[in-house]
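My entries follow in the order of looking.

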Amino acid sequence: MGAIFTNIAEIFSNSGWAQIFFAEGGWKYAVMIAVACVLLYLAIVRQFEPLLLLPIGFGMLLTNLPLDGIFHMEIFINETQHINWELLGTSGGLADYLYLGVKLGIYPPLIFLGIGTMTDFEPLIARPSSLLLGAAAQIGIFFTFLGAKMLGFTNQEAASIGIIGGADGPTAIYVTTKLAPHLLGSIAVAAYCYMALVPVIQPPIMRALTTDKERKITMSTPRKVSKTEKILFPIIVTIIVSLTLPDAAILVGCLMLGNLMKECGVVDRLKKTAGNELMNIITLMLGFSVGCTTNASTFLNIQTVEIIVLGIVAFGVGTASGVLLGKLMCFLTHGKINPLIGSAGVSAVPMAARVSQKVGQEYNPSNYLLMHAMGPNVAGVIGSAVAAGILINMFG
């Protein structure tokens, strides 16, 4: 009988339960498991960015179960900051190999390819001034970069934190893997949580910065864009951006390739694959592998708290910058531009544009701002990719 109890005690001592309850620092596992469950709750019950928060949350849950060894951070974060291929071959598992798509910068451009097949650039082409609103919203990125520097983050870390303000999860992941991979888990969680909270974060800022009269402005219907213009736009943008800022070429290029496949109408099979099956597969692998990087040692620290605070500052400043430029354009056009559409300059497509529409209709039920807000919204996608290229060029 004593032998049985001894065996049971030995099994328990070698289990993850013993690590949580009795090992030094075991409480951190419990905290991370709780955080993972919160993310799963937000994804499933509250439906906050469920396509990414669910795999991220479950990856976080798995990697923080003691002794499972599902992910080996030392393969990717080491003294050389390069992939330890020898260790990957001997110790790597499924999560490690999936993470290669993140580390090597494969997943984010492929997601941009899928986004391109679902993006309509007609509102931007019809009203090119929308590009200015999309650019203005990126001010949050550089403002937050300066704030992160003041808190003691390095240039690379500050740039990775600032990109949260672009409201573009794949871009945030892409920049972070290039500049500060050790912060990937914290930045990814902050970016996608705040993207989901755009309808909560933006309206108070929009109301505070605009007058009742401005919010009621009805904008004229934009001109009709020809099919030729829609086809030429992605080609021209790719050439200009790639020649001007080579570091942004892969993100912008994939986005424009997807859009070209949509607009040309001759590759429907490729368009459907890129926008559905391929994007779904990549989203799953990206979310799961990023979630696996969020272990207690990299997530439970003061830096994570600072990143979360700076993330909401980035969103707030980006929103405010877009609205303020919208007010200036409203003044210069003698009331033809509703400043509310400036908030859509962050690249949370189409959520930010819908927020502009919702707030506008609260004050003028007959107003329809969605098609006008989509211009700055899709411009924000391009703007965040360009901002990413600038940061990588400066600090990569």
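What covers the buried residues of helix 21? I found that the cover includes helix 14 (198-209), helix 15 (212-215) and helix 22. Contact here means heavy atoms within 4.5 Å. Helices (H or I, at least four residues) and strands (E, at least two) are DSSP runs, numbered from the N terminus.

Notes on the source. This is a predicted model, in which local features need pLDDT of at least 70 and side-chain atom pairs count only at pLDDT 80 or more, while totals for chains, interfaces and linings use all residues. Residues are numbered from 1 along each chain as its sequence is written, and side-chain values use heavy atoms, with hydrogens and water left out.

**Entry 1: helix 21**

I listed the buried residues of helix 21 as A352, A353, V355, S356, Q357, V359 and G360. Buried means under 20% relative accessible area, exposed over 50%, and partly exposed in between (1.4 Å probe, protein chains only). An α-helix has 3.6 residues a turn, so residues three or four places apart point the same way. I then checked the length: helix 21 has 13 residues and reaches 19 Å from its first C-alpha to its last, close to the 18 Å expected at 1.5 Å a residue. The expected span is 1.5 Å times one less than the number of residues.

Helix 22 has 26 residues, which should span 38 Å at 1.5 Å a residue; the end C-alpha atoms are 37 Å apart, which agrees. I counted 20 of the 26 residues of helix 22 as buried, so the helix is mostly covered.

I picked N377, which sits in helix 22. Is N377 buried or exposed? N377 is buried, because its relative accessible area is 0%. Leaving out residues up to four places away in sequence, N377 touches A344, V346, S347, A348, V349, P350, M351, A352 and A353. Of these, A352 and A353 are among the buried residues of helix 21.

**Entry 2: the whole chain**

The protein chain has 22 helices and zero strands. Its radius of gyration is 23 Å, close to the 21 Å that the globule rule gives for 396 residues, so the chain is as compact as a globular protein of that length. The radius is taken over C-alpha atoms, and the rule is 2.2 Å times the number of residues to the power 0.38. The C-alpha trace spans about 90 × 45 × 35 Å along its principal axes. I also noted that 53% of the 396 residues count as buried. Among contacts with a separation of 6 or more, 76% join residues 24 or more positions apart.

**Entry 3: pockets**

I used a 1 Å grid over the protein atoms alone: a cavity is a set of points where a 1.4 Å probe fits but cannot get out, and a pocket is an open set with protein on both sides within 12 Å along at least five of seven lines; lining residues have an atom within 4 Å of a point. Grid points are joined across faces, edges and corners, and a volume is the space filled by probe spheres set on the points.

The largest pocket holds about 760 Å³ of space. It is lined by 27 residues, and the closest to its centre are E49, I115, M279, V349 and P350. Helix 18 gives the largest share of this lining, four residues. The lining divides into 17 nonpolar, six polar and four charged residues. Ala, Val, Leu, Ile, Met, Phe, Trp, Tyr, Cys and Pro count as nonpolar, Asp, Glu, Lys and Arg as charged, and the others, Gly among them, as polar.

The second largest pocket has a volume of about 300 Å³. Of its 19 lining residues, L124, L131, A379, I382 and G383 are the closest to its centre. Which helix gives the most to this lining? Helix 22 does, with six residues.

**Entry 4: S129**

S129 lies in the loop between helix 8 (122-126) and helix 9 (130-136). I recorded S129 as partly exposed because its relative accessibility is 26%. S129 and A379 are 250 residues apart in sequence, yet their C-alpha atoms are 9.8 Å apart in space.

**Entry 5: cavity**

I found one cavity of 30 Å³ or more. The largest cavity holds about 50 Å³, and helix 13 gives the most to its lining, with three residues.
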